[in-house]
Structures are given as C-alpha cells and as structure tokens.
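Colleague: I have the model open and would like to go through the terms used for it. Please tie each one to its cut-off.

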Amino acid sequence: MENIVVIGGNAAGLTAASRAKRIDPRLHVIVLERLPQIAYSTCGLPYLLAKLVTADQLISYTPEKFEQERGIKVFNFVQVNAIVPGRKRVEAIRVDTGEKMEFGFDRLLLAAGVKPRIPSIPGTGLKNVFSVLSLQDALRIQGPLASASNVAIVGAGYAGLEYAESLRASGKAVVLLEREPHVLSSVDPDMAQIIEFELRRFGVQVFTSANVLALVGQDGLVNGVKAATSLGIIPADLVLLDTGVEPNVDLTRDTNIRIGATGGVAVDEHLETNIPGVYAAGNCAETFCMIRRRP
C-alpha cells in the first residue's frame with residue numbers, strides 16, 4: 001500500500017488528498033496540519049472580525065468529519081520541522097503536547113501556503129500588531145479588537161479593503177494607509193478614485209502615498225503609526241498589516257528541493273519538484289504563466 005503524506009490542511013492539500021483517494025481508494029493518505037482547524041474560508045475572515053459570521057460558519061470540514069467522509073486521516077496540531085527526502089521521512093512535533101513524531105512516505109505533497117511579508121520598520125513586534133492569514137489569526141485578534149477604538153490598516157490591497165469595510169461597519173474608527181499613489185494597485189487610477197471616494201463616504205480615513213516609517217507604542221503596546229506625511233503620529237489601538245505575503249518554503253531548507261525564480265517551490269507540469277516523489281502545490285509553489293511563458 002502506497003503512503004501519501006500531505007503537508008497543509010487547506011485548499012491545495014485537502015483537494016489533492018481527496019483526489020488521490022478518489023482515484024485509488026487503496027492509497028493510505030494522511031494530512032499534517034499545524035493549526036487546530038482545516039478546510040475553512042480565508043476569504044471570510046474579515047467578516048468574522050466584524051461578527052457578521054461565526055467561525056463555525058467558515059469551516060467546511062472538521063478533521064473528524066473529513067476522515068469519516070473521505071477516509072483520510074488528518075493530524076492537526078502537528079508542526080512539520082523537517083523533510084528528509086533521502087529517507088522518505090517527515091519529522092514533526094505536536095504543538096500541544098511536545099510529542100515528537102515521524103511519518104514515512106512514498107510520495108509527499110508540500111502545500112504549506114504563504115507567510116506574511118512583515119515590513120522592515122520599527123515597532124512590528126509591539127502588542128496589538130497583527131497580520132491575518134489563518135482562522136487562528138482572526139480568532140486571536142478578536143479579544144484585542146473588542147477593546148480597540150482606532151484601527152490602522154497598513155496596506156490597501158484586497159484584504160486591506162475588506163478589513164476596512166468590515167471594521168468600519170462594526171463601529172471602529174478606521175485609517176487606511178497605502179504607500180502607492182492609490183488604493184488597490186491592481187486597478188487603474190480612475191477606478192481607484194471611485195473606490196477611495198466610497199471608502200471616505202463611509203467614514204474610512206484614506207491616506208495614499210503614505211510610506212509607513214514606524215509603529216510606535218508605550219509599555220510594549222502599539223498606540224500609533226508614523227508615516228512619511230505631514231500627519232505626525234496617527235493614533236491606533238490596533239494595527240493590521242496587509243503588506244503582502246511570500247511563499248512558505250521554510251521546509252525546503254536543508255534539502256535539495258529547488259526554489260524557483262519567483263521564490264516559490266519549482267515544479268514541473270505534474271507539480272513534481274526536482275526530487276522524485278516530492279510535489280508542491282498551492283501558494284507555496286510556482287505555477288507556469290501560459291501568457292508570458294514563464295513561471
């Protein structure tokens with residue numbers, strides 16, 4: 001019986017695990033996930049913070065339900081620390097108990113997603129400074145957010161705009177700071193003007209061309225944002241960083257798994273890495289752009 005190990009319990013990992021089991025039910029497929037939850041909607045996280053939805057409404061499957069319906073065992077609370085391709089082994093630890101674990105594989109899928117790109121400015125280590133990538137991140141923010149009146153959002157991409165909308169609708173004073181000349185840099189300036197008008201119409205303070213120099217605080221707790229503008233220190237009880245993400249390729253260190261030019265794991269047309277039997281998918285992996293003909 002062939003053993004398939006999947007690292008990562010959200011879209012790419014669970015889809016691949018399900019597809020493999022559907023093609024050949026004889027396969028022994030397991031999923032390793034560091035967090036308590038799997039199979040949840042990351043797009044719904046802004047609306048969780050605004051209390052428009054509950055955490056349970058964002059979760060499609062619990063580990064128990066996934067195993068019952070798909071025949072795939074999910075080991076959550078399991079942090080993978082090392083991949084040893086030569087021995088076909090994965091070394092891990094249970095984050096809740098500290099128990100060391102080891103899993104053998106015939107084929108391995110790395111679906112570790114992304115990690116936040118934290119700006120290189122002073123103050124990002126202060127309390128009440130957050131980036132939100134997972135359901136666990138959003139749940140951890142709920143307590144500090146309940147007592148915060150002024151929220152500053154650094155970055156006006158898709159996520160930043162969604163958080164601005166949701167938090168303003170829940171009664172928070174929201175300041176949105178974007179270093180580019182307009183919000184949502186993926187759209188044309190005339191479209192961005194419409195978006196900025198709507199944000200301001202609903203009470204969001206919008207500052208563009210605002211390069212954030214530092215987050216400031218007192219007694220270890222953030223209380224303001226210093227930007228390269230004439231605004232001085234902008235008060236903030238809580239800061240959300242929407243400053244981008246990068247592929248989470250930490251597990252490829254100390255291996256010969258090749259990283260591509262974009263910073264993601266390099267794969268072929270079958271999503272196989274340069275190590276036979278080791279694959280990568282989702283946001284940690286490169287994909288091939290059919291238009292530009294490059295990764």
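**Contacts, burial and space**

Modeller: T255 touches I83 and P85, leaving out residues up to four places away in sequence. This is a predicted model: local features need pLDDT of at least 70, side-chain atom pairs count only at pLDDT 80 or more, and totals for chains, interfaces and linings use all residues. Residues are numbered from 1 along each chain as its sequence is written, and side-chain values use heavy atoms, with hydrogens and water left out.

Colleague: What makes I83 and P85 contacts of T255?

Modeller: Contact means heavy atoms within 4.5 Å. I83 and P85 both touch T255.

Colleague: Why is T255 called buried?

Modeller: Its relative accessible area is 16%. Buried means under 20%, exposed over 50%, and partly exposed in between, with a 1.4 Å probe and protein chains only. So T255 is buried. T255 lies in the loop between strand 17 (245-247) and strand 18 (278-280). Strands are DSSP runs of E, at least two residues; helices are runs of H or I, at least four; both are numbered from the N terminus.

Colleague: What does the side chain of T255 reach?

Modeller: The backbone oxygen of T252, at 2.5 Å, and the backbone nitrogen of I257, at 3.1 Å. A polar contact is a pair of N or O atoms within 3.5 Å; within protein, one must be able to donate a hydrogen and the other to accept it, and residues adjacent in sequence count only if both atoms are side-chain atoms.

Colleague: Why is L35 called buried?

Modeller: L35 has a relative accessible area of 10%, so it is buried. Its place is in the loop between strand 2 (28-33) and helix 2. Beyond its neighbours within four places in sequence, L35 is in contact with Y40, N76, F77, S134 and Q136. L35 and V95 are 60 residues apart in sequence, yet 8.9 Å apart in space, C-alpha to C-alpha.

Colleague: What makes a nonpolar core?

Modeller: Buried Ala, Val, Leu, Ile, Met, Phe, Trp, Tyr and Cys residues, joined through side-chain atoms within 4.5 Å. The largest has 31 residues; I141, I153, L176, V183, L238 and L240 have the most contacts inside it. A second, separate core of 24 residues includes I83, F103, L251 and A280.

Colleague: Which residues does I153 touch?

Modeller: Not counting residues up to four places away in sequence, G160, Y163, A164, V174, V175, L176, L177 and L240.
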